[in-house]
Amino acid sequence: MIPVLNQVDTNEVRPQVLILAPTRELVNQIYDDIFLITKYYRVPACALFGGVSQVNQVTQLKRNPRVIISTP
């Protein structure tokens, strides 16, 4: 993940990385790991998946994340 984060342009306000995982649990695990790394890179990330309130996810998307972790 670190080489990918090095390529992210923080001046761009659009998503630049999309990570797809097969399950909601894996999305959460990946997000937790990326959160620990991205706090040093200052690259916003969010996790998107079904089965939960869309309000929180829409709020996360409005913060212009550069990295999105999701499940199909």
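**Talking through the model**

Author: Start with Arg-14, which is partly exposed because its relative accessible area is 45%. Keep in mind that this is a predicted model.

Reader: Which residue does Arg-14 meet in a salt bridge?
Author: Glu-12; the two side chains come together at 3.2 Å, N to O. Glu-12 is also partly exposed, with a relative accessible area of 31%.

Reader: How many salt bridges does a search of the whole structure find?
Author: The search of the whole structure turns up 1 salt bridge.

Reader: New topic. What is the order of the strands in the sheet?
Author: The order is β1-β3-β2, in an open sheet of 3 strands with parallel pairing. The edge strands are β1 and β2, each pairing on one side only. Neighbouring strands are turned by 20° against each other on average, direction ignored.

Reader: How do strands of a sheet pair in general, through what?
Author: Through backbone hydrogen bonds, either parallel or antiparallel.

Reader: And here, how many bridges join β1 to β3?
Author: There are 4 bridges between strand β1 (residues 17-20) and β3, and the two run parallel. Within that pairing, Ile-19 stands opposite Ile-69, and Leu-20 stands opposite Ser-70.

Reader: What about β2 and β3, over how many bridges do they pair?
Author: Strand β2 (residues 45-48) pairs with β3 over 4 bridges, in the parallel sense. Ala-47 has Ile-69 as its bridge partner in β3, and Leu-48 is opposite Ser-70.

Reader: Through which helix does the chain cross from β2 to β3?
Author: Through helix α3 (residues 54-62), and this β-α-β crossover is right-handed. Helix α3 lies across β2 and β3 and runs at about 150° to β2.

Reader: Which way do the residues of β3 point?
Author: Val-67 and Ile-69 point one way from strand β3 (residues 67-70), while Ile-68 and Ser-70 point the other way. In a regular strand, side chains alternate between the two faces of the sheet.

Reader: Which residues does Val-27 touch?
Author: With that same exclusion of residues up to four places away in sequence, Val-27 touches Ala-21, Ala-47, Leu-48, Phe-49, Ile-69, Ser-70 and Thr-71.

Reader: How many residues are in the largest nonpolar core?
Author: It has 13 residues, and those with the most contacts inside it are Ile-19, Val-27, Ile-34, Val-67 and Ile-69. At least two residues of this core come from each of β1, α2, β2 and β3. In soluble globular proteins, nonpolar side chains tend to be buried together.

Reader: Last one. Where does Arg-42 lie?
Author: Arg-42 is in the loop between α2 (24-41) and β2. Arg-42 counts as exposed because its relative accessibility is 70%.

Reader: How far apart are Arg-42 and Arg-66 in space?
Author: They are 10.0 Å apart, C-alpha to C-alpha, and 24 residues apart in sequence.

Technical notes:
Residues are numbered from 1 along each chain as its sequence is written. This is a predicted model: local features need pLDDT of at least 70, side-chain atom pairs count only at pLDDT 80 or more; totals for chains, interfaces and linings use all residues. Side-chain values use heavy atoms; hydrogens and water are left out. Buried means under 20% relative accessible area, exposed over 50%, partly exposed in between (1.4 Å probe, protein chains only). Two strands pair if DSSP finds at least two bridges between them. A crossover is right-handed if, with the strands pointing away from the viewer, the path from the first strand over the helix to the second runs clockwise. A salt bridge is a side-chain nitrogen of Lys or Arg within 4 Å of a carboxyl oxygen of Asp or Glu. A nonpolar core is a set of buried Ala, Val, Leu, Ile, Met, Phe, Trp, Tyr and Cys residues joined through side-chain atoms within 4.5 Å. Contact means heavy atoms within 4.5 Å. Axes are lines fitted to C-alpha atoms, for helices over the stretch in contact, and angles run from 0 to 180 degrees between N-to-C directions.
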